[in-house]
Amino acid sequence: MSFLTRILPSFLVSWLLTFTLASLFHSQYVVNQLVNVGVVVGFNDRVNLTLEDWLGLLPTYGAIIAIALAIAFLVTWLIAKKVKKQGAQLFVIAGFVAFATALIAIESIMNITIIAGARGWGFYMQLLAGAVGGYVFAKLSNGCHSKNELI
């Protein structure tokens, strides 16, 4: 029952925040690139672009993020069972690595960066979104890793 009452809701909140940050970072990176070449982008345009990107990226990038985080958090939970009192740090690293792995794998397979906001410094902002997601999951799941209660 711990899975349905604590782990799944914690994962969903963590995923939603992570995806939202990743989408926001992507949108602002793209807008910044436009501004760098002289395009004037007003505040309303930034907000509209951000909302449209969030909705547009949800079915694809949102699913990729959900799968990457689920795998990373499961593996991290197994590791955290062995190394006590390292849970939050491990989940931060897991979120970071999940994004790095997903973005690099997609680029390697497709030979293109499909998330425009994951180019240059935007790549590191995507990794930051993953790290935040790992931290939030560790805190919301209330130490499931130390009590061996993931499932």
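Reply: Let's start with Gly130, which counts as buried, at 0% relative accessibility. Keep in mind that this is a predicted model.

Me: Where is Gly130 placed?

Reply: Gly130 is in helix α4.

Me: And what does Gly130 touch, not counting residues up to four places away in sequence?

Reply: Thr18, Gly95, Phe96 and Phe99.

Me: How far is Gly130 from Ala100 in space, C-alpha to C-alpha?

Reply: 8.7 Å, and the two are 30 residues apart in sequence.

Me: OK, on to the helices. At what angle do α3 and α4 pack?

Reply: About 145°, with the axes 7 Å apart. Helix α3 covers residues 87-110 and helix α4 covers residues 121-140.

Me: Why give both an angle and a distance?

Reply: Because two packed helices are described by the angle between their axes and the distance between the axes.

Me: Is the crossing of α3 and α4 left-handed or right-handed?

Reply: Right-handed.

Me: Which residues meet there, in α3 and in α4?

Reply: On the α3 side they include Gly87, Phe91, Gly95, Phe96, Phe99 and Leu103. On the α4 side, Phe123, Leu127, Gly130, Gly134, Tyr135 and Phe137 are among them.

Me: Switching to the surface. Which residues make up the nonpolar patch?

Reply: Ile67, Ile71, Val75, Ile79 and Val83, with about 430 Å² of accessible area together.

Me: Take Ile71: buried or exposed?

Reply: Exposed, because its relative accessible area is 53% and the cut-off for exposed is over 50%. Ile71 is found in helix α2, residues 43-82.

Me: What about Ala70, how accessible is that?

Reply: Ala70 has 36% relative accessibility, so it counts as partly exposed. Ala70 is in helix α2, and its C-alpha atom is 9.5 Å from that of Gly95, 25 residues apart along the chain.

Me: Now Arg46. Which helix is it in, and what does it touch beyond four places in sequence?

Reply: Arg46 is found in helix α2. Its contacts are Gln28, Val31, Asn32, Val35 and Val41.

Me: Last one, Trp15. Buried or exposed?

Reply: Buried, because its relative accessible area of 17% falls under the 20% cut-off. Trp15 is found in helix α1, residues 2-36.

Me: And which residues is Trp15 in contact with, leaving aside neighbours within four places in sequence?

Reply: Leu58, Gly62, Ile65, Ala66 and Leu69. As for Ile64, its C-alpha is 11 Å from that of Trp15, and the two are 49 residues apart in sequence.

Note on methods:
Residues numbered from 1 in each chain as written. Predicted model: local features only at pLDDT ≥ 70, side-chain atom pairs only at ≥ 80, totals over all residues. Heavy atoms only, no water. Patch = residues over 30% accessible without salt bridge, like charges linked within 9 Å, V, L, I, M, F, W, Y side chains within 5 Å. Areas by Shrake-Rupley, 256 points an atom, 1.4 Å probe, with all protein chains shown as cover. Salt bridge = Lys/Arg side-chain N within 4 Å of Asp/Glu carboxyl O. Helix = DSSP H or I, 4+ residues; strand = E, 2+ residues; numbered from the N terminus. Buried < 20%, exposed > 50% of the residue type's maximum accessible area, 1.4 Å probe, protein only. Axes fitted to C-alpha atoms, helices over the stretch in contact; angles between N-to-C directions. Left-handed = near helix turned anticlockwise from the far one by under 90°. Contact = heavy atoms within 4.5 Å.
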